[in-house]
Amino acid sequence: EVFLHEETLPAAPVDFLQELPSYQSVLRRRAAAGGTQDRRGNPPGAAGAQAWGPQHEGGELAARPVREYPLSIAEKRRDSQQADIKYLSGWNQWKRTSSKSWKKVLKDIKESLSYLELWRHDIHSIEGKLGTGIQSYFSFLRFLVLLNFLIFILMFSFVTLPTVISEYGIFNSSFVKFSPKTTESQCTAYTPSGNKGLVYFYTYLKDLLTGTGFLEVTSLFYGYYTIDAALLSILTYNLPLAYLLTTFAYLALSFLWIIKRSASGFKQSLVHDEDQFQSYCNKVFAGWDFCITDLNAAWLKHRSLQYELQTDLEEERLKRKIADRTMKEKLRIYSLRIFLNIIVIAVLSGCFYSIYRATLFSQENSSVSIRREIRIDSVGSGMDFMANLLVQYLPSIVITLANFIAPQIFSILIRFEDYSPAFEIRLTLMRCVFVRLANIGVLLFSLWSQIHCADDQCKACGYNYKLYPCWESTVGQEMYKLLIFDFMIILAVTLFIDFPRMLLVTHCSWKPVQWCGLQEFGISDNVLEIIYGQTICWIGTFFSPLLPAIATIKYFIIFYVKKLSLIHTRKPPGRPIRASSSNFFFLVVLLIGLTLAFIPLGISIARIPSSKTCGPFRNFNTSWAVVPYTILGFPTGLQNVLNGIASEAFAVPFFMVVCLIMFYFIALAGAHKRVVEQLREQLVMESRDKLFLIRKITEAQKHT
Amino acid sequence: QELTFLSKQEILLAYKRFSELLPKEQRGNACSLRVPKSQILTLPELRANPFQHRICRVFSTSEDGDDSMSFEDFLDMLSVFSDSATSDIKSHYAFRIFDFDDDGTLDRKDLEKLVNCLTGQGEEARLSNAEMEQLIQNILEESDIDKDGTINLSEFQHVISRSPDFASSFKIVL
């Protein structure tokens, strides 16, 4: 050890070591931080203290604020008092006091604003009891509540409110309804019967759960907004355009907000991924979560840290083993993996096919298809009611089953594929995400296969008008049912599975029961659940404008349900989830869900002909057609500009410029990385040089 | 309030919690008294912490080395562990907390004690010797820039600056 401590310094030969600048700075910091150690009498010491305290040469601004120095409070107070006594001109003094009071005002405002934050206290207490990994799940939930609430406000104020105002004639407003341009009467025959006459009580319940009947004619669904323009006192409010633009607006809002939130996580994740070899230091130095206050949670954290460290070390050993694999082994492993992937694809196709069949069955046998008949049919006995409900909910049930079974199968299969543990987790997660989001896609696809015209009979209107005179409302109803069912399942699982299990485990000391134990709170499963719900909400809002309100209430209740369930009935996950990477992961999957939601919406808006009997887009071929129609009403100059922007002559050069900019940034990042590597190497070399020189000097001094 | 990173309500809350640690008759005098270490360790925030002894040692400014803490030491500690403290300060104090033998560098023995603190008490919670060796080897490989077998403050701060979880895990909220 060439750098010797003060206590073991021999005599003269290595005195010069104390004069090395780097050693001086270490001493200065230690002496200042220690406080009670006596400062070694070194000449640069006084200069050091000066350089340490706030500078006031020439009355400039103070260096760093006093509290950023690692001194104890007593010393900081002394230092800042000393600094205050120093000579400042009157102007600077006034500047200092005014900046101090301004900062105080800002701080007070921030403090009072933080009171308004939703659930601040709850999330704080969760963080204290269970650590930051689980807390990230709950703050994600809070983010979704706020997002849904904002989307609801948007849709409500721009779409629902004008419609309601004009329909009820408030503020002397009225609405305009053009008659449809096509005179084909068959396309426009649509009479949503809102429960006329005497009906059994449970019809209301059934309608509430399936969105038909009396709910169908409310503003919950697309069919209600069947006006073309609202005349509010002096202005004409173009409802179709507003509907379309609000849809784009809420999608853009969600997109931008998610990206903003993930920006900081992205930077960290990028840096972290590059530095794969820093994972040990991160785990050891930043591994203990100082927020934990509960002894049980602490014990769990110890266990999980031990587990994580052991897993990492094992993974490293595994990597070395993999590198030593023979050719024959590799062949065997790869063929096994291909086989297992084929099984995975088979499982997925099974899921998709069953969802497809279930949707078709449900649509054929539910009262939708007998809507044309007299409603007396649906008034049957209680059994009929239950059977009908079951048929209506069949797609939701099948999807939920698929979402539950497929991940179990995947986690069993992946054990045979012999990947490293970290990769295993990631691959399973990706497969689960894919299953959940693709299930929604298959449902929508099967709905469209029904709506789309199969034979020439319905070519007149462009869609299957016999079964679905107002197909947007039907799609909205399916989304509504999915949302409600998802919510009910979450409540049911908590009430009927978790609580009894907890009661069983606490009161029954039977060995197998104790071995089963409480169920773990799987963070990724829960997150995928709520992302699934959010994707449904995004897709469904176009067809059912009040859906975000339902989603907001749903997530609000789920927060409290999950919190209770976590505290009482579940144990925290044994496998640790790190807060920084998990935040980013949740947002990435949410973004994937949003992108996937774009596709069905895009197809519905641009491709599928809108229904002629209901909705604001009656008089247009497709929902998108309202935009070109409006542009035609603009002045010619603006029209030319817009046409120019949409043409290829603009798009291609724009695309090329964007590509160039992207390549520039990628090259810049690569160059920075190389520079960092070079600097690191230089640092290592310099320190080796220093050691070498010191050794030489000590030897030389010894000989003289 | 300028001398710490805490907001006004946090300081008041800290005062309340600190005075609860004192016996009833001394509560009025909280600002100038020192609370013995055994009392500090009953705080729920520190109770479950494997580094509780080191924290008391590092933040205590008591001259007799009994690791008792005055109210200012307590505030100091909370300030460093608060959300708004800079990562410089946090890494500085983290270094001191992890330096079990107080020699200014983290050598193998310090690292070994650190890992044992992390994995918990008890024989079955410790890593085997081979695993410990492998782990310490990896840590030194990642963080020891000048390859002298120990980690000094600048190397530590450098490693911490690239650690994404440090800021979120090195905090205590009352």
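**Ground rules.** I'm working on a predicted model, where local features need pLDDT of at least 70, side-chain atom pairs count only at pLDDT 80 or more, and totals for chains, interfaces and linings use all residues. Residues are numbered from 1 along each chain as its sequence is written, chains are lettered from A and ligands numbered from 1 in the order in which they are written, and side-chain values use heavy atoms, with hydrogens and water left out.

**Chain A, overview.** I counted 22 helices and five strands in chain A. For the record, helices (H or I, at least four residues) and strands (E, at least two) are DSSP runs, numbered from the N terminus. Chain A has 704 residues, and 44% of them count as buried. Here buried means under 20% relative accessible area, exposed over 50%, and partly exposed in between (1.4 Å probe, protein chains only). I also checked contacts, meaning heavy atoms within 4.5 Å. Of those in chain A between residues at least 6 apart in sequence, 75% join residues at least 24 apart.

**Lys481(A).** Is Lys481(A) buried or exposed? I got 3% relative accessibility, so Lys481(A) counts as buried. Its side chain makes a polar contact of 2.6 Å with the side chain of Gln392(A). My polar contacts are pairs of N or O atoms within 3.5 Å; within protein, one must be able to donate a hydrogen and the other to accept it, and residues adjacent in sequence count only if both atoms are side-chain atoms. With neighbours within four places in sequence set aside, Lys481(A) is in contact with Leu209(A), Thr210(A), Gln392(A), Tyr393(A) and Ser396(A).

**α15(A) on α18(A).** Staying with that helix, I looked for a packing partner. Two packed helices are described by the angle between their axes and the distance between the axes. Helix α18 of chain A (residues 547-568) packs on α15(A) at about 10°, with the axes 11 Å apart. The axes are lines fitted to C-alpha atoms, for helices over the stretch in contact, and angles run from 0 to 180 degrees between N-to-C directions. That angle makes α15(A) roughly parallel to α18(A). My angle classes: under 35 degrees is roughly parallel, over 145 roughly antiparallel, 65 to 115 roughly perpendicular, and the rest oblique. Among the residues making the contact are Leu483(A), Phe487(A) and Ile490(A) of α15(A), and Ile550(A), Ile557(A) and Val561(A) of α18(A). I sorted the residues of this contact into 13 nonpolar, three polar and four charged. In that sorting, Ala, Val, Leu, Ile, Met, Phe, Trp, Tyr, Cys and Pro count as nonpolar, Asp, Glu, Lys and Arg as charged, and the others, Gly among them, as polar.

**Cores.** Next I went through the nonpolar cores (sets of buried Ala, Val, Leu, Ile, Met, Phe, Trp, Tyr and Cys residues joined through side-chain atoms within 4.5 Å). Which residues touch the most other members of the largest one? They are Phe140(A), Trp471(A), Trp538(A) and Phe542(A), in a core of 106 residues. α6(A) gives the most to this core, 14 residues. A second, separate core has 67 residues, including Leu309(A), Leu6(B), Ile136(B) and Leu153(B).

I also looked at Ser139(A), which lies in helix α6 (residues 132-167) of chain A. At 11% relative accessibility, Ser139(A) counts as buried. Beyond four places in sequence, Ser139(A) is in contact with Ile123(A) and Arg261(A).

Chain B has ten helices and two strands. Buried residues make up 59% of its 174 residues. The C-alpha trace of chain B spans about 55 × 35 × 30 Å along its principal axes.

Gln134(B) of α8(B) is buried, at a relative accessible area of 15%. Not counting residues up to four places away in sequence, Gln134(B) touches Leu313(A), Glu316(A), Arg317(A) and Arg320(A).

**Backbone note.** Most residues other than glycine have a negative phi, and most peptide bonds are trans. Asp102(B) has a positive phi of about 60° although it is not a glycine. I found Asp102(B) in the loop between α6 (87-98) and α7 (108-119) of chain B, partly exposed at 42% relative accessible area.
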